[in-house]
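Trainee: Could we go through the helix packing and the core of this model together? I would like to begin with the terms.

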Amino acid sequence: MGGARVVVTGATGHVGTSLLRLLSEDPRTGSVLGLARRVPEEAPPKTEWASVNLASEGVDPAREFTGAAAVVHLAWAFQPTHDPAATWRTNVLGSIRVFEAAARARVPLLVHASSVGAYSPGPKDHAVDESWPTHGWPDAAYCREKAYLERALDSFERDHPAMRVVRMRPAFLFKRESASEQRRIFGGRFLPGTLTRPELLPFLPDIPGLRVQALHTDDAAKAYFLALHAPVRGAFNLAAEPPVDAELLGEMLGSRPVRLPRTAARSAIAAAWGLHLLPASPHLFDAVLRLPLMNCTRAHTELGWWPEHLAPDVLREFLGGTHEEAGAETVTLRGHRVG
């Protein structure tokens, strides 16, 4: 891929900003085209912007894809959680437009951002590999959409065998610059970042089944970057060690875990979501409790990928960014005060 042109959708977002940084420093990358609904005034070296709304029915990104050596599809909308038809139009129909446009433009490589959320319910006491079923949790729009696109890519790969298709399935992603955005997406714009201070959390809810994996966004971007140059296909799990649970969080924050029944936690989340006080839905909470732990051996052996950040360090950086209302110089990641 010497001097290659790479197109990145969702380039101003969480993973996109980290990937563009790597591409701009890579001598094998000739140029980068970042697609986003709202483009920044400045761009990293070798990068140009194009304003594209993938949710629009009349949009055909094939023109932007022409001549590209690879398309990395990162664009995704988490909200509005009360309007699943809106996120379906952006996430599912928009993604299918990207897949079909890449085929029409004869792009040789498509790298798609799937997720641990695509997986069917699985174990919390051992890790599963990429062969675990990807049917998602049907009540959660995020999981439903990620799982549907897995099926869409199954058909797409069958119909376009000459195209190399890679699916990344990362764990929950965090970095300092995404703190404000993620607080708004999951906690709402009225949740003060100062509430993440450890001294304000003497007790920590310990909910049965709440054991998940985390990953630094820069580490995830490195896996996307490596896939551009390694002759690989298929799915790759991406996660850092160790798994995150109430015990680990309690040690990090100096808080004492207190057992809280699932039903009580879900009822509180459902009430806040129903009143539009909390963007994160109770359906997503149900899904998180059922997500399997992921085995990342394939990424280690075939991509040569290893995360540089341990999960506790990732969370400390993110919590620090939340407290400081951290952000980045894009509309998506810009730091905002409460309200």
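Mentor: Angles under 35 degrees count as roughly parallel, over 145 as roughly antiparallel, 65 to 115 as roughly perpendicular and the rest as oblique. Axes are lines fitted to C-alpha atoms, for helices over the stretch in contact, and angles run from 0 to 180 degrees between N-to-C directions. This is a predicted model, in which local features need pLDDT of at least 70 and side-chain atom pairs count only at pLDDT 80 or more, while totals for chains, interfaces and linings use all residues. Residues are numbered from 1 along each chain as its sequence is written, and side-chain values use heavy atoms, with hydrogens and water left out.

Trainee: At what angle do α1 and α6 cross?

Mentor: The axes of α1 and α6 cross at roughly 55° and come within 8 Å. The two helices are therefore oblique to each other. Helices here are DSSP runs (H or I, at least four residues), as are strands (E, at least two), numbered from the N terminus.

Trainee: Which residues make that contact?

Mentor: From α1, they are His14, Val15, Ser18, Leu19, Arg21, Leu22 and Leu23; from α6, they are Thr217, Asp218, Ala221, Lys222, Tyr224, Phe225 and Leu228. Contact means heavy atoms within 4.5 Å.

Trainee: Is α1 enclosed or exposed?

Mentor: Helix α1 (residues 14–24) is largely enclosed by the rest of the structure, because 9 of its 11 residues are buried. Buried means under 20% relative accessible area, exposed over 50%, and partly exposed in between (1.4 Å probe, protein chains only).

Trainee: What does Leu19 touch?

Mentor: Beyond its neighbours within four places in sequence, Leu19 contacts Val8, Val72, Leu74, Ala221, Tyr224 and Phe225.

Trainee: How many residues are in the largest nonpolar core?

Mentor: That core has 40 residues, and Leu19 is among those with the most contacts inside it, as are Val8 and Tyr224. Helix α6 gives the most to this core, with 7 residues. A nonpolar core is a set of buried Ala, Val, Leu, Ile, Met, Phe, Trp, Tyr and Cys residues joined through side-chain atoms within 4.5 Å.

Trainee: Changing topic, how do α7 and α11 pack?

Mentor: Helix α7 (residues 246–253) meets helix α11 (residues 311–323) at an angle of about 55°, and their axes are 11 Å apart. This pair is therefore oblique.

Trainee: Which residues meet there?

Mentor: Leu248, Leu249, Met252 and Leu253 in α7 meet Pro312, Leu315, Arg316 and Leu319 in α11.

Trainee: Is Leu253 buried or exposed?

Mentor: Leu253 counts as buried because its relative accessibility is 12%.
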